Amino acid sequence: MADSSFDIVSKVDRQEVDNALNQAAKEVSQRYDFKGVGASIAWSGEKIEIRANAEERASAVLDIFQSKLVKRGISLKALDSGEPQPSGKEYKIFSTIKEGISTEDAKKVAKLIRDEGPKGVKAQVQGEELRVSSKSRDALQEVQRLVKERDFDFAVQFVNYR
């Protein structure tokens, strides 16, 4: 029987992020406590730019955006936000969406699988993903459980289970 395998990836659905951003922008434009403070959230190239005339207001807009991401099923580990920075008369927060597993993170996961996972499971780094293979599907499910339980500093999804 051929080996079964799956890939461990860290991907974000850009459309869901865009939907969450649009929902947050709509809420900011409609909420009474954001009237007249120049609060906004929008794409700025590949980054997300949050503006407001007070540091607390900028943080509140970021909080709204984070809640919209969670409602849409996107892990907050994929969102990398900076601190509010003064820019003229307003404050800005720049956020980026992290995708892909870095080589050292992939090596950490592979080491975890080798050390604590079932015997006969192989893990190989392939670019920004990690391929895990074994003869036993039960062993692969055990590895998925093991990786889910461990709290990594990046979002983890399992794809191409076959």
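The model is predicted: local features need pLDDT of at least 70, side-chain atom pairs count only at pLDDT 80 or more, and totals for chains, interfaces and linings use all residues. Residues are numbered from 1 along each chain as its sequence is written, and side-chain values use heavy atoms, with hydrogens and water left out.

**Aromatic pairs**

- There are 3 aromatic pairs, where rings of Phe, Tyr and Trp (its six-membered ring) pair if their centres lie within 6.5 Å, and planes under 30 degrees apart count as stacked, over 60 as edge-to-face and the rest as tilted.
- Phe-6 and Phe-158 form an edge-to-face pair, because their ring centres are 5.5 Å apart and their planes stand at 85 degrees.
- Phe-6 is in strand 1 and Phe-158 in strand 9 (residues 157-159), 152 residues apart; strands are DSSP runs (E, at least two residues), numbered from the N terminus.
- Phe-6 and Tyr-161 form a tilted pair, with centres 6.2 Å apart and planes at 40 degrees.
- Tyr-161 lies in the segment after strand 9, so its pair with Phe-6 ties together parts 155 residues apart in sequence.
- Ring pairs join Phe-6, Phe-158 and Tyr-161 into a cluster.

**Accessibility**

- Phe-6 is buried at 0% relative accessibility (buried is under 20% relative accessible area, exposed over 50%, partly exposed in between; 1.4 Å probe, protein chains only).
- Phe-158 is partly exposed at 24%, and Tyr-161 is partly exposed at 34%.

**Ser-5**

- Ser-5 lies in strand 1 (residues 4-9) and is buried at 11%.
- Not counting residues up to four places away in sequence, Ser-5 touches residues including Arg-131, Leu-140 and Tyr-161 (contact means heavy atoms within 4.5 Å).

**Charge over a ring**

- The charged end of Lys-47 sits over the Phe-94 ring, 5.6 Å from its centre (NZ of Lys or CZ of Arg within 6 Å of the ring centre and within 35 degrees of the ring normal).

Notes. Helix = DSSP H or I, 4+ residues; strand = E, 2+ residues; numbered from the N terminus.
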